[in-house]
Amino acid sequence: MNIYEITPFSLLDFPGEVACIVWVSSCNLRCVYCHNPDVVLKKGTKTEEDLFDFLNKRTGKLSAVVFSGGEATLASDITDVIRRVKSMGFKVKLDTNGALPDVISSLLSDNLLDSVALDFKAPDYKISSVVGSQINPEFVSNFWQSCDLLIQHSKLNPLFSFEIRTTLSPDILSEEDIASMMSALDEVSYSGTYWLQNIVSFGEKTLGSIAPASRLFDKAKLPKPSKFSLGFRNF
């Protein structure tokens, strides 16, 4: 596993847990608002052995490990690494764009994940303009397959935490776009919290060097979801 960096301490990324964050290098998407361009485009200098050296020193101080990126499921040894982390007594959270449902399915089947945050990038009709024109044509169907896997797993495993989230700038995703995404989540019977995360990085700190939003997002224009709750971060 090629690791860009390890954030040694976080109380925010895995609610209820004292976690570190493993930033896994590379990604299959090129989201214009991505605030981790170096993680996406560059290879890190840390290895999995660096990770386990770090964790051995944090046993009893940390309770969880978050695998983020980039896209962590692209790492060919992700299952072996997570299995080893779990064997040390840590809980594991995965941040993912859902592009590889087979990997997610395998991790769930082996009970290697305690929590997952699934990034819902954009409505189907707008996906290429948000995540890059070179997107794999199977990405949308793979995302929904991953979404269904996670919904079903959460129904059968009450201790498993699962959230869907969208990072938004009103210049990229309009209120109508978000309403369309909410409708899609209702259709697949999502029953958790759908988090809308207001973008906080701009310019060279983002992959697409996007400008600050020209207007405020109007939450009052959003419909009321029928099967899930709506949450807001950074607003």
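**Close-up views of a predicted model**

S26 lies in the loop between β2 and α1 (37–41). This is a predicted model, in which local features need pLDDT of at least 70, side-chain atom pairs count only at pLDDT 80 or more, and totals for chains, interfaces and linings use all residues. Residues are numbered from 1 along each chain as its sequence is written, and side-chain values use heavy atoms, with hydrogens and water left out.

**View 1. Backbone geometry at S26 and at G69–G70.** S26 is not a glycine, yet has a positive phi of about 80°. Elements are DSSP runs numbered from the N terminus: helices are H or I with at least four residues, strands are E with at least two. A cis peptide bond joins G69 and G70, with omega about 15°. G70 belongs to the loop between β3 (64–69) and α3.

View 2. Eight strands follow the order β1-β2-β3-β4-β5-β6-β7-β8, with mixed pairing. Two strands pair if DSSP finds at least two bridges between them. β1 (3–10) and β8 (229–233) are the edge strands; each has a single partner strand, so one side of each is left without a neighbour in the sheet. From one strand to the next, the twist averages 20°. Axes here are lines fitted to C-alpha atoms, for helices over the stretch in contact, and angles run from 0 to 180 degrees between N-to-C directions.

**View 3. The β1–β2 pair.** β1 and strand β2 (residues 19–24) run antiparallel, joined by 5 bridges. I3 has V24 of β2 as its bridge partner.

**View 4. Helix α7 across the sheet, and N198.** Helix α7 (residues 175–187) lies across β6 (161–168), β7 (193–198) and β8. α7 runs at about 160° to β7. N198 is part of strand β7. Leaving aside residues up to four places away in sequence, N198 touches L168, R233, N234 and F235; contact means heavy atoms within 4.5 Å. T45 and N198 are 153 residues apart in sequence and 31 Å apart in space, C-alpha to C-alpha.

**View 5. Helix α4 against helix α6.** Helix α4 (residues 101–109) packs on helix α6 (residues 139–156) at an angle of about 15°, their axes 9 Å apart. That makes α4 roughly parallel to α6. The angle classes are roughly parallel under 35 degrees, roughly antiparallel over 145, roughly perpendicular from 65 to 115, and oblique for the rest. From α4, the contact uses P101, D102, I104, S105 and L108. From α6 come N142, Q145, S146, L149, L150 and H153. By class, the contact of α4 with α6 has 5 nonpolar, 5 polar and 1 charged residues. Ala, Val, Leu, Ile, Met, Phe, Trp, Tyr, Cys and Pro count as nonpolar, Asp, Glu, Lys and Arg as charged, and the others, Gly among them, as polar.

**View 6. Helix α2 against helix α3.** Helix α2 (residues 48–58) and α3 pack at an angle of about 10°, with 12 Å between their axes. That makes α2 roughly parallel to α3. E48, E49, L51, F52 and L55 of α2 meet V81, R84 and V85 of α3. This contact of α2 with α3 has 5 nonpolar, no polar and 3 charged residues.

**View 7. The R83–D110 salt bridge.** The side chains of R83 and D110 form a salt bridge at 3.0 Å, N to O. The rule asks for a side-chain nitrogen of Lys or Arg within 4 Å of a carboxyl oxygen of Asp or Glu. R83 is in helix α3 (residues 78–87), and D110 is in the loop between α4 and β5 (115–119). The pair links distant parts of the chain, 27 residues apart. The count by this rule comes to 12 salt bridges.
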